[in-house]
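I opened this notebook to record a few local checks on one structure. The entries follow the order in which I looked things up.

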Amino acid sequence: MGETDKDNLISIIEESDREEHVPTIIPLMPIRDVVVFTDMLIPLFVGREKSVRAVEEAVAKDRFLFVATQKDSTTEDPKPDDIYKFGTACRVLRILKLPDGRLKALVQGICKAKIVRFTRKKSWYRVKIEKIVEEPVKNTDLELKALMRNVREDSEKILAFRGDFSDDVGTVLESIEEPGKLADLVASNLRLKIEESQVLLELVDPTDRLKKVNQMLTREVELSAMQAKIHSNVKDEISKSQRDYFLREQVRAIHKELGEFDERSEEIEEYKKKIKLAKMSGEAKKEAEKQLKRLEQMHPDSAESSVIRTYMDWLVDMPWSKKTKDIINIKNAKKVLDKDHYGLDKIKDRILEYLSVRKLNPDSKGPILCFVGPPGVGKTSLGRAISRAMKRKFVRISLGGIRDEAEIRGHRRTYIGAMPGRILQSLKQCGTNNPVFMMDEIDKLGSDFRGDPSSALLEALDPEQNSEYSDHYLNLPFDLSNVMFILTANLTDTIPHALLDRMELITLSGYSEEEKKVIAEKFLLPRQIKENGLSRKTFSISSGAMLQTISEYTCEAGVRSLEREIGSICRKVARKIAEGEKGHFQVTKSNLQTYLGVPKYLPEMDKEKSQVGLSTGLAWTESGGEVLYIETSLIGGKGELIVTGQLGDVMQESARAAISYAKANFRSFGVKKSSLENTDVHIHVPAGAIPKDGPSAGIAMATAIISALMKKPVNKDVAMTGEITLRGRVLPIGGLKEKALGALRGGIHTIIIPEKNKKDLVEIPANIKKEIKFIPVKNMDEVLSIAFE
């Protein structure tokens with residue numbers, strides 16, 4: 001009950017003393033959400049056409065109007081059955097026409113009445129009523145007085161709980177002596193349901209009506225007391241941050257009224273614009289709007305609002321629909337690849353085939369390419385060349401050493417400092433959803449208690465699944481089907497089979513010395529000259545010096561170390577020029593050592609002459625093919641096998657197979673059985689500090705053992721590769737091209753290979769086949785006939 005209610009109470013008492021002659025036929029106006037009691041003064045907004053005409057008729061005649069509450073407040077056009085029969089005859093005191101056509105009428109209840117029948121139903125209602133006359137209470141006994149006092153006190157309590165009690169209101173309540181008028185006054189100011197108010201209106205006996213009001217008052221007092229207690233507890237528990245929030249909201253409202261800058265509202269509007277511009281998927285847009293609504297309702301300094309703000313930034317900055325247009329010109333792509341890479345014809349052809357398919361069918365789901373090869377052979381630079389050929393952006397991440405699955409899939413938003421995985425981070429940074437995405441070192445992924453990153457990559461690298469890739473942080477599907485994934489690895493042994501199954505492997509074996517020389521002269525030397533501030537007029541390296549640098553200062557499949565050596569020469573020349581020396585500086589074979597020092601690698605040292613018990617094998621490593629020297633010595637003992645040089649399980653088994661073959665065929669080698677039983681065979685593979693393993697050293701070990709037993713030297717110019725069985729058969733091996741390049745770097749021009757590897761000679765470049773003689777063999781007899789001098 002507010003100040004208006006207090007004024008109404010006084011007006012009701014003043015008006016209630018007037019006796020009015022109420023006609024029996026009177027216009028009817030149905031009302032909603034309120035029940036009008038006798039002596040109640042209330043403003044009514046009249047908008048329905050029937051109600052407006054009923055009020056106009058009342059004002060035109062004697063200002064009497066019958067108001068009755070309709071049963072359902074949602075009914076727009078109530079019929080007679082939709083209106084309660086009991087109502088109140090009222091006097092229209094004042095009327096005001098509003099600009100929108102509605103009326104504002106101030107009415108006062110005069111007496112209760114009941115509808116007898118409807119005399120008019122068209123356009124507006126007119127009814128015949130029967131006034132309900134209440135018999136005054138003549139004898140006020142003690143119980144009734146106590147009931148009235150209780151009603152007054154409870155009314156004062158409720159008003160006090162609401163903060164509306166004053167001395168004037170108390171005086172008004174004390175001045176009412178009739179039970180019926182007191183009941184109507186209190187009932188009109190209680191927050192009752194329509195059904196409860198209607199029940200009170202229809203109670204004719206004043207005492208019964210007052211008792212009913214007393215019951216409702218008692219319930220309302222209990223509710224108000226509990227509400228006041230809850231409000232008090234909540235008020236005591238408001239934290240400093242909440243008080244600050246209320247103060248900030250007030251300041252914000254003040255700024256808004258003054259037309260000044262409102263930072264928070266501007267932030268919300270900015271997010272709305274970004275959501276619209278991002279052109280998200282339907283699901284992502286729905287989630288973004290949901291989170292924005294939460295942010296709008298939150299305290300700006302709360303911890304959760306900071307989390308939501310960060311999440312919103314990621315959502316609106318992701319390239320949901322931004323992509324670069326592919327401009328694929330196959331001839332131009334070939335020029336780009338040839339410009340940056342020498343040789344690698346088969347790899348270039350496969351890349352051009354891929355681009356051709358993309359040009360003819362842009363929506364095709366291409367394979368996931370994986371470049372496998374030693375370090376420094378140009379795997380990463382090939383990816384950059386592909387991106388330039390397609391006019392796409394290039395993204396690169398290194399997976400080496402990653403052990404946490406969250407690095408790929410992202411963290412859950414519940415964690416502090418959570419963020420998306422490396423894939424979505426990179427896409428956000430590049431700003432498009434179709435870059436050339438290179439993942440380096442896929443073979444060096446780890447796994448531990450934090451999960452398996454390689455398993456997390458399965459979804460991203462599967463063309464059938466990555467259209468709805470889900471990151472733990474965003475927790476929304478993101479389309480990766482437009483991304484061209486290219487992976488690199490040094491070897492495939494450590495890549496899980498399920499991941500390997502999703503890739504197309506393209507092997508880059510390495511370069512021969514001639515190829516390295518061309519690469520150095522066309523690419524590496526010009527780059528180092530530019531980086532070190534030199535020019536062709538002041539500096540040059542002869543072809544002989546370049547070849548000597550390749551053979552004596554580097555030993556690798558790629559050209560990374562070669563570029564470092566060239567850079568070292570350029571820096572020394574740059575220093576001389578900076579110190580004031582004049583002239584043209586030319587590096588030749590004769591003065592190369594003054595720039596690079598003594599040679600680091602002399603492969604011919606180990607094969608100055610053929611030796612007994614020393615054979616030359618070939619190994620495949622992450623760095624490419626290498627020459628492997630196998631030494632065998634016979635010492636007195638009990639016929640045991642001693643293996644040193646950090647050999648792995650596979651090589652140790654090859655050594656056992658080789659010694660078993662030698663013992664089984666000792667007669668054909670001219671060896672006495674007694675000498676085998678009293679001799680230990682010691683096999684050593686330098687260098688002893690480097691772990692070695694693999695299945696292809698069997699025939700080299702057998703040759704070294706038989707050479708020591710027969711005391712025949714093994715030809716120093718022959719290398720061999722192949723696995724041996726107990727029957728002396730030679731089994732095929734892998735990595736033939738890499739091993740051939742390794743043999744060439746070691747100065748060997750004859751290689752014994754298994755018969756079943758003849759098919760792999762097709763993969764060997766023609767220039768290598770010109771320099772190396774490949775001899776296929778089926779068994780150890782053929783091997784020994786070639787290996788022994």
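**Cysteines.** I took a disulfide to be a pair of cysteine sulfur atoms within 2.5 Å. By this rule I counted zero disulfides. For Cys90, which is in no disulfide, I found the nearest cysteine sulfur to be that of Cys111, 8.8 Å away. I next looked up burial, where buried means under 20% relative accessible area, exposed over 50%, and partly exposed in between (1.4 Å probe, protein chains only). Cys90 is buried, at a relative accessible area of 0%. Cys370 is likewise buried, with a value of 0%.

**Basis.** I noted that this is a predicted model, in which local features need pLDDT of at least 70 and side-chain atom pairs count only at pLDDT 80 or more, while totals for chains, interfaces and linings use all residues. Residues are numbered from 1 along each chain as its sequence is written, and side-chain values use heavy atoms, with hydrogens and water left out.

Most residues other than glycine have a negative phi. I therefore listed exceptions, with helices (H or I, at least four residues) and strands (E, at least two) taken as DSSP runs numbered from the N terminus. Asp33 has a phi near 65 degrees; I located Asp33 in the loop between β1 (25–31) and β2 (41–46). At 58% relative accessibility, Asp33 is exposed. Lys279 has a positive phi of about 50 degrees and lies in the loop between α9 (263–278) and α10 (282–297). Lys279 is exposed too, with a relative accessible area of 60%.

**Helix α16.** In α16 (residues 422–430) I recorded as buried Ile423, Leu424, Gln425, Ser426, Leu427 and Cys430. Just after α16, Gly431 takes a positive phi of about 85 degrees.

**Strands β25 and β26.** I counted two strands as paired if DSSP finds at least two bridges between them. Five bridges join β25 (residues 750–754) to β26 (residues 773–777), and the two run parallel. I looked up Ile751 and found its bridge partner in β26 to be Phe774. With helix α27 (residues 766–771), these strands make a right-handed β-α-β unit; right-handed here means that, with the strands pointing away from the viewer, the path from the first strand over the helix to the second runs clockwise.

**Helices α3 and α4.** I found α3 (residues 142–162) and α4 (residues 167–175) packed at an angle of about 160 degrees, their axes 10 Å apart. Axes are lines fitted to C-alpha atoms, for helices over the stretch in contact, and angles run from 0 to 180 degrees between N-to-C directions.
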